[in-house]
Amino acid sequence: QKMPPSLPATINIREPRWDQSTFQGRAKHFFMVTDPRNLLLSGATLEEARRVVEDYRAGTVQPGLTEDQLWRAKYIYDSAFHPDTGEKMILVGRMSAQVPMNMTITGCMLTFYRTTPAVLFWQWVNQSFNAIVNYTNRSGDAPITPSQLGTAYVSATTGAVVTALGLKSLTKHLPALIGRYVPFAAVAAANCINIPLMRQRELKLGIPVTDENGNRLGESTAAAQKAIFQVVVSRIGMAAPAMAIPPVIMNMLEKRAFLKRYPYLNAPLQVGLVGLCLVFATPLCCALFPQKSSMPVSSLEPEVQDQIRKKDPWLETVYFNKGL
């Protein structure tokens with residue numbers, strides 16, 4: 001099947017539709033990637049999108065396919081398949097699951113923060129979900145063994161839960177509003193533990209670095225460190241509005257007669273407020289850094305620099321998938 005004249009063969013669907021050197025372009029891209037409606041797509045729709053994308057990359061296309069349909073297929077494909085391995089990602093680990101899952105978990109963390117068992121349970125649920133997301137959206141294509149995954153999960157969730165309980169004990173004699181911020185402080189600290197632990201294989205063995213055209217040049221631990229740092233900053237930023245704004249509003253509402261009369265509305269209100277924040281915070285914080293991150297060759301490990309210099313002595317910048 002030849003390319004129809006209306007659809008040029010020069011569209012680069014390996015890259016996002018919008019300019020990723022600008023925040024606005026990255027925000028448009030991530031609003032598409034994190035769209036929760038992608039979770040409702042059937043397996044057949046996902047496979048059809050994969051077929052359209054892979055056929056187009058191979059130089060063939062369905063008759064009558066338009067550019068908008070091609071980009072739609074590309075974003076459906078990106079929402080469900082890992083960019084490095086091409087494997088279909090776990091449903092709850094996809095970025096399109098971030099808003100509904102975080103909305104429910106964070107809303108419950110902010111509602112049930114007063115007792116130690118509740119803090120323990122919801123922090124464990126949150127870190128278990130984070131562990132799935134961190135594994136699903138890791139960078140690179142190297143396999144991870146079940147024992148490595150299990151060790152990383154136990155270490156990450158234990159560290160995060162202990163941090164949450166420690167912070168809760170420090171706020172016993174502080175005002176109620178301060179107590180409401182314990183979940184956020186715990187989540188921020190836990191992200192610094194969970195993400196590096198779930199992606200520790202990258203820190204030990206490195207992640208693939210490529211030239212501008214996607215040609216693989218080697219694996220770098222320096223690139224892995226930069227990638228994981230950027231993801232930690234994005235995740236903390238993502239949690240900040242959802243965990244900082246609702247507590248202030250709920251603190252005010254709980255002093256009014258309305259919530260005293262209808263206390264059962266506390267959790268739904270909290271979840272709704274968190275969801276409203278996350279709809280915007282998730283894509284905007286993902287957009288803080290380009291998905292295809294870069295760094296100078298001179299910043300890589302000496303042995304990786306030597307490896308690259310043998311292939312291309314004049315190359316100055318390498319690129320890598322930072323993960324999400």
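Visitor: Which residues does Asn-126 touch, not counting residues up to four places away in sequence?

Guide: Asn-126 touches Asn-102, Ile-105, Met-109 and Val-187. A contact here means heavy atoms within 4.5 Å. Before we go on, this is a predicted model, where local features need pLDDT of at least 70 and side-chain atom pairs count only at pLDDT 80 or more, while totals for chains, interfaces and linings use all residues. Residues are numbered from 1 along each chain as its sequence is written, and side-chain values use heavy atoms, with hydrogens and water left out.

Visitor: OK. Where is Asn-126, and is Asn-126 buried or exposed?

Guide: You'll find Asn-126 in helix α5, residues 116-136. Helices are DSSP runs (H or I, at least four residues), numbered from the N terminus. Asn-126 counts as buried because its relative accessibility is 3%. The cut-offs are under 20% relative accessible area for buried, over 50% for exposed, and partly exposed in between, with a 1.4 Å probe and protein chains only.

Visitor: What about Val-161, which residues is Val-161 in contact with?

Guide: Leaving aside neighbours within four places in sequence, Val-161 is in contact with Leu-120, Gln-123 and Trp-124. Val-161 lies in helix α6, residues 146-170, and is buried at 11% relative accessibility. Its C-alpha atom is separated by 8.0 Å from that of Gln-127, 34 residues apart along the chain.

Visitor: Switching topic: what does the domain assignment give?

Guide: Domain 1 is 23-88 and domain 2 is 95-321. Those bounds come from an automatic or database domain assignment. The C-alpha centres of the two domains lie 25 Å apart.

Visitor: How many residues are in contact between domain 1 and domain 2, and what area is buried there?

Guide: 16 residues of domain 1 are in contact with 23 residues of domain 2. The buried area is about 1,600 Å², and carbon and sulfur atoms give 67% of that. Buried area is the accessible area (1.4 Å probe) that two parts lose on being put together, summed over both.

Visitor: Which residue does Arg-50 meet in a salt bridge?

Guide: Arg-50 meets Glu-47, at 3.2 Å, N to O. They are separated by about one helical turn, because they sit three residues apart in helix α2, residues 43-58. Arg-50 is partly exposed at 22% relative accessibility, and Glu-47 is partly exposed at 36%. Also in α2, four residues apart, Asp-55 and Arg-51 form a salt bridge at 3.8 Å, N to O.

Visitor: And what salt bridge does Arg-216 make?

Guide: Arg-216 pairs with Glu-219 at 2.8 Å, N to O. As for networks, salt bridges that share partners join Glu-47, Arg-50, Glu-54 and Lys-88 into one.

Visitor: Last one: which residues make the nonpolar surface patch of about 350 Å²?

Guide: Phe-23, Phe-229, Val-233 and Leu-288. Patches are made of residues with over 30% relative accessible area and no salt bridge, with like charges joined within 9 Å and nonpolar side chains (Val, Leu, Ile, Met, Phe, Trp, Tyr) within 5 Å. Accessible areas come from the Shrake-Rupley method with a 1.4 Å probe, and for residues only the protein chains shown count as cover. Phe-229 is in helix α10, residues 221-253, and counts as exposed because its relative accessibility is 54%.

Note on methods. A salt bridge is a side-chain nitrogen of Lys or Arg within 4 Å of a carboxyl oxygen of Asp or Glu. Helices (H or I, at least four residues) and strands (E, at least two) are DSSP runs, numbered from the N terminus.
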